[in-house]
Amino acid sequence: MSAHPDSVRAKTALPFPPGFVWGAATAAFQVEGATAADGRTDSIWDVFARRPGAVAGGDTGEPGADHYRRYAEDVDLMRRLGIGAYRFSLSWPRIRPGGGAPNPEGIAFYDRLVDRLLEAGVEPWATLYHWDLPQALEDEGGWASRETAFRFAEYAETAVARLGDRVTRWSTLNEPWCAAMLGYARGIHAPGRQEPRAAVAAAHHLLLGHGLAMDVLRRRAPSAASGVTLNLYPVSAADPSSTVDVEAARRVDGLQNRLFLDPVLRGSYPEDLLADLAPLGIGELVRDGDLATIAAPIDWLGINYYRGYQVAGTPLPGSEPAGADWLGAPDVHFVPDEAAPRTDSGWEVQPSRLTECLLRVHREYRPIPLYITENGASYPDTVIGGDIADTDRIAFLDSHLRAAYEAIEAGVDLRGYFYWSLLDNFEWAEGYAKRFGLVHVDYATQRRTPKQSALWYARAISLNGLG
């Protein structure tokens with residue numbers, strides 16, 4: 001977006017920096033639908049969703065938000081709301097069905113989407129991988145297989161060669177922690193495996209795939225600004241004076257945050273984490289040159305933030321034991337923040353921890369432009385007279401944007417914010433039960449209705465800040 005006039009900034013209580021990017025985000029499997037259209041084949045999420053009990057309500061990715069067919073309508077909505085950038089993901093099984101040869105019809109959809117976005121003045125931000133691995137590649141081992149990283153690079157070649165002349169903002173991966181730990185350790189996300197060693201392998205191979213894709217982006221789209229998107233959670237000890245609580249926080253922070261931040265930004269895995277994961281074979285996975293590939297320079301880091309964690313090394317009243325996704329941390333317990341309000345997903349609303357998260361990356365790692373690439377909340381929206389008065393979501397947006405502003409004031413090079421999500425959609429294992437969108441979707445008719453939060457966000461965009 002262009003810089004706002006000084007007269008507008010003067011009237012804005014909290015003016016964000018000139019050129020700040022105001023966006024909204026989606027993911028291919030969650031919104032596109034059309035799961036068998038134009039040559040697309042199954043992803044791991046198509047197969048996982050068919051497993052009885054895997055997804056709430058037995059829901060699948062069909063129809064999603066029917067974005068594949070209604071993208072023009074959705075782009076027009078973005079234009080009318082003033083959204084400056086659209087963060088979307090490409091469907092690997094649509095572009096290279098079964099992980100095989102390129103599919104012209106699948107690629108053509110993204111040609112149409114990108115062209116429509118540019119015509120509307122909305123900057124396209126493309127993510128190469130948002131969890132929809134072709135099932136055929138999972139059948140060959142999935143991300144637990146090193147070969148998948150190289151197949152990912154082949155897919156990246158196809159996507160970037162076709163779209164790199166118009167898309168100038170790329171992310172390699174979205175939330176590799178979720179793909180590895182929820183998909184291969186705990187099994188509550190696709191592909192639904194519960195294999196700790198496979199989860200560690202998946203984490204490393206996802207990072208290797210990121211590095212290989214960065215090489216593709218540098219060669220194919222050298223003028224593009226490219227990065228990676230991580231979900232970061234500030235972690236604190238329930239009792240900072242307790243040795244066991246501090247140790248619990250170290251382990252969780254290592255698995256959630258430093259497992260990805262350190263190799264990408266420092267070119268190494270943390271020594272303490274290597275020791276924690278040694279019994280699961282991490283030392284056997286890392287080959288000569290891997291870490292240099294993973295640490296290829298990125299232009300920006302995307303941070304997906306939803307909440308923080310408070311942990312203890314022993315059970316406390318109301319605490320919950322760590323699940324299978326927390327490898328090597330069987331004694332860790334997650335302690336609720338009883339004072340925090342909660343979203344419809346049961347997640348604590350903790351805007352101050354967003355500031356903490358941004359400051360941590362700014363202070364502990366090398367200087368790099370940051371973007372909040374996801375931040376949002378689900379609430380049980382009700383349509384009354386054609387209106388959705390989602391005041392909880394407005395409060396969520398306001399408090400988190402104020403937290404982002406506080407980080408900027410403290411020196412963080414934060415350059416943009418993407419709300420999750422533009423549209424109500426298929427929310428992974430929760431199916432269609434949770435609504436995160438700025439825009440309400442009636443799944444029976446696919447009618448779109450902007451919520452009051454969308455209008456609130458549009459005003460913030462027009463002010464380039466908070467009034």
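Helices (H or I, at least four residues) and strands (E, at least two) are DSSP runs, numbered from the N terminus. The views below show a predicted model, in which local features need pLDDT of at least 70, side-chain atom pairs count only at pLDDT 80 or more, and totals for chains, interfaces and linings use all residues. Residues are numbered from 1 along each chain as its sequence is written, and side-chain values use heavy atoms, with hydrogens and water left out.

**View A. Leu113, a buried residue of helix H6.** Let's start with Leu113, which is found in helix H6. Its relative accessibility is 1%, so Leu113 counts as buried (under 20% relative accessible area, with exposed over 50% and partly exposed in between; 1.4 Å probe, protein chains only). Setting aside neighbours within four places in sequence, Leu113 is in contact (heavy atoms within 4.5 Å) with His67, Tyr71, Val75, Tyr86 and Phe88. Leu113 and Tyr68 are 45 residues apart in sequence, while their C-alpha atoms are 8.9 Å apart in space.

**View B. Helix H4 packed with helix H6.** Here H4 (residues 67–81) and H6 pack at an angle of about 10 degrees, and their axes are 10 Å apart. Axes are lines fitted to C-alpha atoms, for helices over the stretch in contact, and angles run from 0 to 180 degrees between N-to-C directions. H4 is therefore roughly parallel to H6; angles under 35 degrees count as roughly parallel, over 145 as roughly antiparallel, 65 to 115 as roughly perpendicular and the rest as oblique. From H4, the contact takes in His67, Tyr68, Tyr71, Ala72, Val75 and Met78, and from H6 it takes in Glu105, Phe109, Arg112, Leu113, Arg116 and Leu117. By class, these residues are 8 nonpolar (Ala, Val, Leu, Ile, Met, Phe, Trp, Tyr, Cys and Pro), 1 polar (the others, Gly among them) and 3 charged (Asp, Glu, Lys and Arg).

**View C. Helix H6 meeting helix H8.** H6 (residues 104–119) packs with H8 (residues 147–163) at an angle of about 40 degrees, with the axes 10 Å apart. The two helices are therefore oblique to each other. On the H6 side are Ile107, Ala108, Tyr110, Asp111 and Val114, which meet Thr158, Arg162 and Leu163 in H8. This contact has 5 nonpolar, 1 polar and 2 charged residues.

View D. Glu374 lies in strand E12 (residues 370–374) and, at 4% relative accessibility, counts as buried. Beyond its neighbours within four places in sequence, Glu374 has contacts including Arg87, His130, Asn174, Glu175, Tyr306 and Trp420.
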